[in-house]
There are 2 protein chains.
Amino acid sequence: MNSSAGSKRVTLAQVAEQAGVSVMTASYTYNQPDRVSEQARSKVLAAASQLGYAGPDPSARSLRRGSTRTLGVVMGEHLSYAFEDPEAVSFLAGIADVCADRGYGMTILPITGAADDVPRITAAAVDGFIVWTTSDDDPVLAAVRAMKRPAVVHGGPAVRGMELVSIDNRAAARAVGAVAFAGAGRPAVVSFPLSRARISTITSGGDITEVLFPVTRERLEGYRQAAEGAGIAWRDVVIAVCARNDAAEAERVAATLLASAEPPDAIAAMSDQQAAGVVHAARAAGRAIPDDLAVTGWDDAAVAERLGLTTVAQSLREQGAACAHAALGEKPNAQTASWSIVRRGSTRQ
Amino acid sequence: MNSSAGSKRVTLAQVAEQAGVSVMTASYTYNQPDRVSEQARSKVLAAASQLGYAGPDPSARSLRRGSTRTLGVVMGEHLSYAFEDPEAVSFLAGIADVCADRGYGMTILPITGAADDVPRITAAAVDGFIVWTTSDDDPVLAAVRAMKRPAVVHGGPAVRGMELVSIDNRAAARAVGAVAFAGAGRPAVVSFPLSRARISTITSGGDITEVLFPVTRERLEGYRQAAEGAGIAWRDVVIAVCARNDAAEAERVAATLLASAEPPDAIAAMSDQQAAGVVHAARAAGRAIPDDLAVTGWDDAAVAERLGLTTVAQSLREQGAACAHAALGEKPNAQTASWSIVRRGSTRQ
DNA sequence: GGTCATATGTGTAACGATACACAAGCCGCT
DNA sequence: AGCGGCTTGTGTATCGTTACACATATGACC
């Protein structure tokens, strides 16, 4: 109990000497206690607490063992955005569940989007990587792959040599879009950013294949198929791009749409937060949901139930757990996650 | 560009040999590029990409340098709760800001509350620790201190040898309690858990000093002083304990309180989420706010503005940043964070 | 008593990188 | 010519730990 205030770091060798045993006996005391006699073990522990030794140095141990017992999570957005997005947060919780179970730590790798985040990846002491949805051309992907450790991408893009955990975004968008656009004459979409430059705009008829974010691209393709299935040309579908994934931004762009000469009568969003913003804008504009305006969200978050939103249900928590398993090098049970449509009162069907 | 598929890990020595330079020249190429000639540098980089060398091994580098360039964040609650609490999340964002700026990673240490989380602390390869609010007797605190690295506690408890970043919870509670209880005859409190066993109960007149969580204890003491300042004995103040910090739980206990024979006419909560739950319960019970029931929250979250809640404003983001600075060993500008009362329509004053 | 298996202890050689001290070459300056 | 300073390159020791192979003691069993 009596810690002598040595300012220098205490080593296992010193503990062993103090205890009168070999270094290996001391090492085994920490790593395979059964390998050592009760007597030796207590001598080592006594010496350790006398010297104030807190246990084997993590870096040295990692070097020797070749494993850090830590997973790295790369968030493509600026970190604060990531934490503000409730779905990203439940994804993280899913990873945390698995890490806690396996005794692993999880390192969040703050990616700013600047050039200096590649070295940050390279310097990360982790056994495996999990990359949160990013763009096709994100240099971070190459950096992660170069690390030659188990790696998973959530959402997309698909990268050779890395696992992919995702739902079929196109199919889900087609399905929820069909519900949203049923009986509508002027459907619109509230979308995540289309390019790395995150600006809010209103557009239509653009070339979907040029969208750099695979999740966004696939959802747009699904919405396109849904619109065409309802007999509406894609160039007539207005796309409101939100710079950020939150209710406030969506409310703003939805208000603009609703105030236009030919306001939409159906809006499919890409998250429940966005859909919530649309609902608020509709109320403010005096529109009845779903009669004047059908609205759909995505994710089946708490707010979707509260507002009665038709939405795409998926478990980001389970997907986070699946990513963690893959990043640990365990064979994943199912690479493609499941989803379903939850119909509530915000749509005509 | 041509990566020869060696299954064994490539070392700096191999790169140096391939490039025809010494190991140190190769090392400097990565760490102090200006220290080597343009010519040597390009030879090294060419050899590296030919061999598929991704950069110096992080564990070896950490061992040799004595620094991991990573901060450890210990969350006292089960991780998923932590991520679900928006204030904890903005605290994390504050840490992330500083880490991103310094090129540091942040490791989240999943603490389950079981006995096996002490070894997890000991095994963490980090330069400094940040501990999110916990109880006085949490064994994790001793484990962190034993690591002999810069360490900070947010909220409490105060531990010798560790920094403390916190607002003055007692003073803030006294101030907001005074506003909440002004003109009230039967004040009540909606509280965080009083003990490690997280159960929802309704109590009153208990011994505050026995509460193990310092943040909760100090706020209760402040509320007590506010009640007594309004001429009400503490034993007459009902305390509704919520097992979890969310709106749903608070709504449930508030509904119970409001349905009782002597319902409260003022409720001071410990978070805006809780206060939001109270507001919903009050609406459901047909009470007018603030006339029938005054309500106060804590944190000045987005929901507080939306509902017009009187609350205690503090910046957890700034406090997170302050913790990060302290954990990096930088002298903190101010250990005690600032707070203020934001008066909105939910109180009589 | 002899044989074999099990329990316990030890020494040495890595793991992959960087700090440090030193050496050699080159320049300009007096 | 001689000196000092700057740039660039190198060898060696070391960071703290654990894998591995080997040595010794103990007990069980026929």
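Student: Which residues of α11(A) are buried?

Tutor: In this predicted model, the buried residues of α11(A) are A247(A), A250(A), E251(A), V253(A), A254(A), L257(A) and L258(A).

Student: And what do they pack against?

Tutor: The buried residues of α11(A) pack against β6 (187–191), β7 (201–204), β8 (238–241), β9 (266–268) and α12 (272–284), which belong to chain A.

Student: What span should helix α11 of chain A have, and what does it have?

Tutor: Helix α11 of chain A covers residues 247–258, twelve residues, and at 1.5 Å a residue it should span 16 Å. Its end C-alpha atoms are 16 Å apart, so the two values agree.

Student: Now α9(A). How many of its residues are buried?

Tutor: Ten of the 13 residues of α9(A) are buried, so this helix is largely enclosed by the rest of the structure. Among them are N169(A), R174(A), V179(A) and F181(A).

Student: What encloses them, then? Which elements do the buried residues of α9(A) pack against?

Tutor: They pack against β6, α10 (214–229), β9, β10 (294–296), β11 (311–313) and β12 (340–342) of chain A.

Student: What follows α9(A)?

Tutor: G183(A) follows α9(A), and its phi is positive, near 75 degrees.

Student: Let me pick one residue inside the helix, G177(A). Buried or exposed?

Tutor: G177(A) is buried, because 28 other C-beta atoms lie within 10 Å; a residue counts as buried at 20 or more.

Student: Which residues is G177(A) in contact with, leaving aside its neighbours within four places in sequence?

Tutor: G177(A) is then in contact with G222(A), Y223(A), A226(A), A227(A) and A268(A). As for L293(A), its C-alpha atom is 14 Å from that of G177(A), and the two residues are 116 residues apart along the chain.

Student: Changing topic: which residues come nearest to DNA strand C?

Tutor: Of the 27 residues around DNA strand C, those that come nearest are S22(A), T11(B), L12(B), S27(B) and A60(B). Two or more residues of that surface come from each of α2 (23–31), α3 (38–51) and α4 (58–65) of chain A, and from each of α1 (12–19), α2 and α4 (58–65) of chain B. By class, the surface has 14 nonpolar, seven polar and six charged residues.

Student: And which come nearest to DNA strand D?

Tutor: There are 27 residues around DNA strand D, and L12(A), S27(A), D57(A), A60(A) and S22(B) come nearest. At least two residues of this surface are supplied by each of α1 (12–19), α2 and α4 of chain A and α2, α3 and α4 of chain B. The surface near DNA strand D divides into 14 nonpolar, seven polar and six charged residues.

Student: At what angle do α2 and α3 of chain B pack?

Tutor: Helix α2 of chain B and helix α3 of chain B pack at about 90 degrees, with their axes 10 Å apart. The two helices are therefore roughly perpendicular to each other. T25(B), A26(B) and T29(B) of α2(B) make the contact with A40(B), R41(B), V44(B) and L45(B) of α3(B). Four of these residues are nonpolar, two are polar and one is charged.

Student: How many residues of chain A are in contact with chain B?

Tutor: 37 residues of chain A are in contact with 37 residues of chain B. On the side of chain A that touches chain B, α6(A) gives the most, with seven residues. That side has 21 nonpolar, eleven polar and five charged residues.

Student: Last topic, the backbone. Where are the cis peptide bonds you can tell me about?

Tutor: Most peptide bonds are trans. The bond from I289(A) to P290(A) is cis, with omega near 5 degrees, and P290(A) is in the loop between α12 and β10 of chain A. The bond from G156(B) to P157(B) is also cis, with omega near 5 degrees; P157(B) is in the loop between β4 (151–154) and β5 (163–165) of chain B.

Student: What is the phi of D300(A)?

Tutor: Phi of D300(A) is near 55 degrees, a positive value in a residue other than glycine. D300(A) is buried, with 23 other C-beta atoms within 10 Å.

Terms used:
Residues numbered from 1 in each chain as written. Chains lettered and ligands numbered in written order. Predicted model: local features only at pLDDT ≥ 70, side-chain atom pairs only at ≥ 80, totals over all residues. Axes fitted to C-alpha atoms, helices over the stretch in contact; angles between N-to-C directions. Helix = DSSP H or I, 4+ residues; strand = E, 2+ residues; numbered from the N terminus. Parallel < 35°, antiparallel > 145°, perpendicular 65-115°, else oblique. Contact = placed C-beta atoms within 7 Å. Nonpolar A, V, L, I, M, F, W, Y, C, P; charged D, E, K, R; others polar. Near = placed C-beta within 6 Å. Expected span 1.5 Å × (residues − 1). Buried ≥ 20, exposed ≤ 12 C-beta atoms within 10 Å, placed from the backbone.
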